[in-house]
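Please examine the structure shown here before reading on. The report is intended for a reader who is meeting it for the first time.

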Amino acid sequence: MNSDYIFDLLHEAVEEGEKNGAKFVEARFDDYQINTIDLTNDIIKESSSKRRRGTGVMAYYNGTPGYSFTPEVNSEGVKAAANRAAKLAITADPRNRMKMEFIERPAIKDKAVPIIKKHPKDYEFQDKLELLKRGTIAIKENVDATTIQGQYGEFYGEKYFVNSEGSEIYWVPIVVDMRVRADIVENGKRATAMDGMGQSQGLEFFDQERNSPEVVGANAGKWCKEQLDVVSAPTGKQKVLAGSTLGGVIVHESFGHLSEADFVVTGMSPIADRLGEKLGNDLVTIIDEGVTPYGGWFFPYDDQGTKAGRTVIVENGILKGYLHDRGTAQKMNTEPTANSRALSFMFPSICRMKNTYFEKGDLTEEEAIEMVGDGIYAISWRGGTASFDGNFLFNCSRGYLIEKGEVTKPIKTASLSGNVLELLKHVEGTTKNMILRGNFFGGCGKGEQFPLPVGMGGPEVVMDQVLVGGAQ
Amino acid sequence: MSFDDFRDKLLNISDSAIKYSKDLSIPSAEIFVFSQSSTDLSDQNGKIDIKDGVKQGVGIRVAIGKKLGFASCTGFEEEPIKGALKQAHSLAKVSPENPLFNGFTPDSIRANEGTLDSRLFDVDAIALGKNIDEISNQIDKNDKRLTFTYFGATVSIEGYAVGTTEGCLSSTLSSGTGSFAYVIAMEAGERSTGSWSEFSRGIHSLEGIGETASKRALRGLGKKDFEGTEILPTVWESKTTASFLLYPFFTGTSGSGYVEKRNPWGEKLDKELAVKELNVIDDGINPDYLTTHAIDTEGTPRRKTTIVENGVLKSFLYNRMYGHAVGKESTGNARREGAGGTPFENVPSSVPNKIIVQTGSKSLEDQISEIDKGILVPTLPLGIENFNPITGDFSSSSTDSFLILKGQIVYPIKNITVAGNFNDTLMNIQTIGSDRIPTSNPIDSPSMTFRGHTIGS
């Protein structure tokens, strides 16, 4: 799209909203290309190409927001959306008991474009299909699988933002991702395993050995075979070494959401009004960041045009801050943290995480395993759920027993549960190796907005008093 | 706008896209046109959020023989629709053949449309606000234990049309309203939550939504520890049983999973799957269900399909391609599932329309009265959705269950794990309840008592 034309449309939306009574207006335009390939048992089950573009308008009246959107890319469509957003805000204002006005800030004019060596748009469908074929061949070399699935996904596009302050921001989101999965049925036993991840990079990501189709395919095959001969994990509270993936999920799902400031200002979060309180031990530092040195997703700005930095949520166990949009920040007399994010133009921006992780420590993986002594090494997970009292449960789909400081046998699916506010008191160390994922598949859910891209991962984390459960 | 105007609009866009495809010399195409207008209002402890908008888009499948490509676009503008057609055509050209593909729907046969309520065109933000006021008024403001309330109300009108170059041009519409209440009760540092919701294809009743949510929050206060690990009977309330069974029935009824040999029930067709008291159908045509449509998302008429009869698995659920792969007709179960409420961005898969578990004879109270020691599970435990689809193992965490002793609920219990295996669960149904509370989910079930779940602390 012509960027001048899009900025002009967004300015028209802002003016229309103001003309219809809004006191502040934000208008944003997304133009995303989302391509996927699903290769199941050597058949292309799905190859799709989605273009998702449109304009969202948030209008504010006395600190009450109203939101509307349109897929139409023309003056009439965006002005109608702005008009509706303004009217909704004005209509809702009398019943709003929590108005969140924010002070005006200087306009920002910026473009943020990541360096991409092998942009997926410059490569053919067959090049991406070939990645999956290489991955599935690697599975076949390692296991006689019943079902083999390879999935490739890419997401790229443009984001434009304009507001009543005169800001004009343009930035470029991108991610590529590949997963391979093996299922096996042997002598009545069933097993499944998957490997692969994504990153805000181009196809050069798969040139790295660990992320190559050959390595992720071989891993999926080996891990699947391994699952045919598993033991039940001992149940009850015990020490767990959470791998990078699982540690990242725990900090995101069980703690990160509690720190989202919309839940804080309404009193829903159990960590509301607890700034400065010691929630965890000295080893616990939790970060949310837009552009990290460790990879993950590239989020230079949020959907209110706030530049993303590095937010320390917990430092050495002490609650230092929350994840804010402009309104919650103003209400709590602090700075916005660029956490106002929307799934697409079809949704209003709300407080959401970006790349959220435990800060790394100084343990090697071997030292972390030795520290556990007897317990569980929980690596892969299948989903994750947390509730607003801090309780969480994650199913460990690939894990191992740790016995006398050594990794021994693979375990059957087990649940890891507890309360995160208790868990933070029982973190015993984090490793110095860090992996942050920028996944295409999956994402963060909040209300109806799923899956929002977020960066997940971090170091491996040694934690005690985790409740391990599972059928015996 | 009227329902007739809305339907005409969808059909016109589908028809136009078919014409574009012919202009582009595309040999075979299927056009799925979707539109949903909605308004949502919520009140989170006084913080108001309000939005409206129209989600619109087109999903296009192009076939060159058995080579398929799919592309979608948001909006109904000509340029992106033509762009999606070209993109789907390009993908089809470079894709290898899909041996299972058997062509797009050639005709326009429809089942009956579900109930449509034209009053919903007049439900606006002000009307939704009145709903929230009424729900809020059901909460006892003098009870200081009720510290947090979250109310929401929504109205939506949606429809889709399917057109194919083979001759299908058909559409279906639906309408609906819904409201919910979520309440947190606090006492002596302890926290308990309760929620309730109601919905309808027309204007739903608001009676009891706030009151029920607050009662459910309050009854969870005063939790005690559960000690040890035991295998115990568990009694699941109606809505909770529905949520619980959603997972095995979604994977177990999948026709695509059956063809691809990843369906855990794949070897159980015409065999005993569950206790003989269990009877289950998929009902795509009941006019009152939110999920009812006249056609599925490939243009096949919806229908009823028997899934389990007297405990025996009778059928999987198919769309055109996967039904054809095993010599069956489509059961009208082509749905375009995906996140974000944009079905036009997804290709059809075989998914339940509305699974209905037939009722038994015992009330929830009767079931509880027959338990010597067991657990009442009033809401879906955390993490059940993360079960292992291959092995059926699940392990979950419940923070609001109750201990049953000698036929009585004695007290709420703190965090417990509830673990089991879905493949065993249907054979371990002890009692099927007589209640079946409607839900907005694709499954409704009466309450049930299960044997054999591992309960741990």
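The report below takes up the chains, the nonpolar cores and a few individual residues.

## Chain A

The model is predicted. Chain A contains nine helices and 25 strands. Its radius of gyration is 23 Å, close to the 23 Å given by the globule rule for 472 residues, so chain A is as compact as a globular protein of that length. Taken along the principal axes, the C-alpha atoms of chain A fill a box of roughly 70 × 55 × 35 Å.

Buried residues account for 65% of the 472 residues of chain A. Among the contacts in chain A between residues at least 6 apart in sequence, 74% join residues at least 24 apart. The accessible surface of chain A is about 16,500 Å², and 47% of that surface belongs to carbon and sulfur atoms. Chain A carries 54 positive and 66 negative side chains, with the centres of the two sets 3 Å apart.

## Chain B

Chain B has nine helices and 21 strands. For 457 residues, a compact globule would have a radius of gyration near 23 Å, and the 24 Å of chain B agrees with this. The C-alpha trace of chain B spans about 70 × 55 × 35 Å along its principal axes.

Of the 457 residues in chain B, 61% are buried. Within chain B, 73% of the contacts with a separation of 6 or more are between residues 24 or more positions apart. Chain B exposes about 16,300 Å², of which carbon and sulfur atoms supply 48%. There are 47 positive and 58 negative charges in chain B, and their mean positions are 3 Å apart.

In soluble globular proteins, nonpolar side chains tend to be buried together. The largest nonpolar core in this model has 63 residues, and the members that touch the most others are A:V240, A:F255, A:I271, A:I286, A:L319, A:I376 and A:M463. Helix α5 of chain A, residues 244–256, gives the most to this core, with five residues. A second, separate core has 51 residues, including B:I18, B:A71, B:A125 and B:A217.

The surroundings of A:I376 can be described in more detail. Residues up to four places away in sequence being left out, A:I376 touches A:A233, A:P234, A:Q238, A:K239, A:V240, A:L241, A:Y400, A:L401, A:I402, A:I411 and A:V468.

## A buried serine in chain B

B:S72 lies in strand β3 of chain B, which covers residues 67–74. The relative accessibility of B:S72 is 3%, under the 20% limit, so this serine counts as buried. Apart from neighbours within four places in sequence, B:S72 is in contact with A:S49, A:K50 and A:R51 of chain A, and with B:V58, B:G59, B:A84, B:F344 and B:E345 of chain B.

## Backbone features

A:F450 and A:P451 are joined by a cis peptide bond, with omega at about -5°. A:P451 is located in strand β23 of chain A, residues 449–452.

In chain B, B:N45 is a residue other than glycine with a positive phi, near 50°. B:N45 is placed in the loop between β1 (28–44) and β2 (47–64). Its relative accessible area is 21%, and B:N45 is therefore partly exposed. B:K406, also a residue other than glycine, has a positive phi near 45°. The loop between β16 (402–405) and β17 (408–412) of chain B holds B:K406. With 67% relative accessibility, B:K406 counts as exposed.

Note on methods:
Residues are numbered from 1 along each chain as its sequence is written. Chains are lettered from A and ligands numbered from 1 in the order in which they are written. This is a predicted model: local features need pLDDT of at least 70, side-chain atom pairs count only at pLDDT 80 or more; totals for chains, interfaces and linings use all residues. Side-chain values use heavy atoms; hydrogens and water are left out. A nonpolar core is a set of buried Ala, Val, Leu, Ile, Met, Phe, Trp, Tyr and Cys residues joined through side-chain atoms within 4.5 Å. Buried means under 20% relative accessible area, exposed over 50%, partly exposed in between (1.4 Å probe, protein chains only). Helices (H or I, at least four residues) and strands (E, at least two) are DSSP runs, numbered from the N terminus. Contact means heavy atoms within 4.5 Å. The radius of gyration is taken over C-alpha atoms; the globule rule is 2.2 Å times the number of residues to the power 0.38. Accessible areas come from the Shrake-Rupley method with a 1.4 Å probe; for residues, only the protein chains shown count as cover. Lys and Arg count as positive and Asp and Glu as negative; His and the chain ends are not counted. The place of a charge is taken as NZ of Lys, CZ of Arg, CG of Asp or CD of Glu.
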